[in-house]
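Subject: Structure handover

Hi,

Please look it over first; my notes follow below it.

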Amino acid sequence: MYSTADPPYISETKNTGVPVGQKGILQCEASAVPSAEFQWYKDDKRLLEGQKGLKVENKAFFSRLTFFNVSEQDYGNYTCVAYNQLGNTNASIILYEISEPTSSTLFQGQYCLAVCHICSASLYCNSPPPPLIHVACSPVRFAWRTVPLPAGGGWGLSREGTI
């Protein structure tokens, strides 16, 4: 026998890192029949649509909390509550601070230390196996990506430590 009604079950949440001054989104997904209603809380205070810099978007199976200009005070633990007439459930989601990339970003891996400047990239290694680092740089933006480098060729390190 199949049930035609189910209390909410929160199926998907993800802690989110956002730099100060940027847009941040927390999302909560829930399965329920009938569809769940949602509420958001921070420090036991209910968050409402229209509060300074916030937007709450509720759909049938998810709720999204959007911060248009994240400030230090926004970081912390948020609670998403999903409910219908059969019950309720909640999940904790953390909004945490991350740094915006600068003109020089440092990445420390298990075997290598890589430094990327806007115009150049260097890779310094202290032990085998070959590094699993690929650096992509451009004048405007750059990103770190982890990819295996081919063993036995196609790349090399100079005495100064550049690729």
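**Strand pairing**

Gln-27 stands opposite Arg-64, a residue of β7. This is a predicted model, in which local features need pLDDT of at least 70, side-chain atom pairs count only at pLDDT 80 or more, and totals for chains, interfaces and linings use all residues. Residues are numbered from 1 along each chain as its sequence is written, and side-chain values use heavy atoms, with hydrogens and water left out.

β3 and β7 pair in the antiparallel sense, over 6 bridges. Two strands pair if DSSP finds at least two bridges between them. Both strands belong to an open sheet of 4 strands, with antiparallel pairing and the order β1-β3-β7-β6. β1 (6–13) and β6 are the edge strands, and each pairs on one side only. On average, neighbouring strands here are turned by 20° against each other, direction ignored. For that angle, axes are lines fitted to C-alpha atoms (for helices, over the stretch in contact), and angles run from 0 to 180 degrees between N-to-C directions.

**Whole chain**

The chain has 14 strands and 0 helices. Both are DSSP runs numbered from the N terminus: helices are H or I with at least four residues, strands are E with at least two. Of the 163 residues in the chain, 28% are buried. Buried means under 20% relative accessible area, exposed means over 50%, and partly exposed is in between (1.4 Å probe, protein chains only).

Among contacts with a separation of 6 or more, 52% join residues 24 or more positions apart. Contact means heavy atoms within 4.5 Å.

**Core**

The largest nonpolar core has 22 residues. Such a core is a set of buried Ala, Val, Leu, Ile, Met, Phe, Trp, Tyr and Cys residues joined through side-chain atoms within 4.5 Å. Leu-26, Trp-40, Leu-65, Phe-67, Tyr-78 and Leu-95 touch the most other members. At least two residues each come from β3, β4 (37–42), β6 (54–58), β7 (62–67), β8 and β9 (87–97). β3 gives the most, with 4 residues. Leaving aside neighbours within four places in sequence, Leu-65 is in contact with several residues, including Leu-26, Trp-40, Leu-54, Val-56 and Tyr-78.

**Disulfide**

There is 1 disulfide in the structure, meaning a pair of cysteine sulfur atoms within 2.5 Å. Cys-28 and Cys-80 form it, with their sulfur atoms 2.2 Å apart. The link is left-handed, at -85° about the S-S bond. Cys-28 lies in β3 (residues 24–33) and Cys-80 in β8 (residues 76–84), so the pair ties together parts that are 52 residues apart in sequence. Cys-28 is buried at 0% relative accessibility. Cys-80 is buried too, with a relative accessible area of 0%.

**Backbone points to check**

The peptide bond from Val-33 to Pro-34 is cis, with omega near -5°. Pro-34 sits in the loop between β3 and β4.

Asp-43 is in the loop between β4 and β5 (45–47). Its phi is near 50°, a positive value in a residue other than glycine. Asp-43 is exposed, with a relative accessible area of 59%. Asp-44 lies in the loop between β4 and β5. Asp-44 has a positive phi of about 65°, although it is not a glycine. Its relative accessible area is 78%, so Asp-44 counts as exposed.

Best regards
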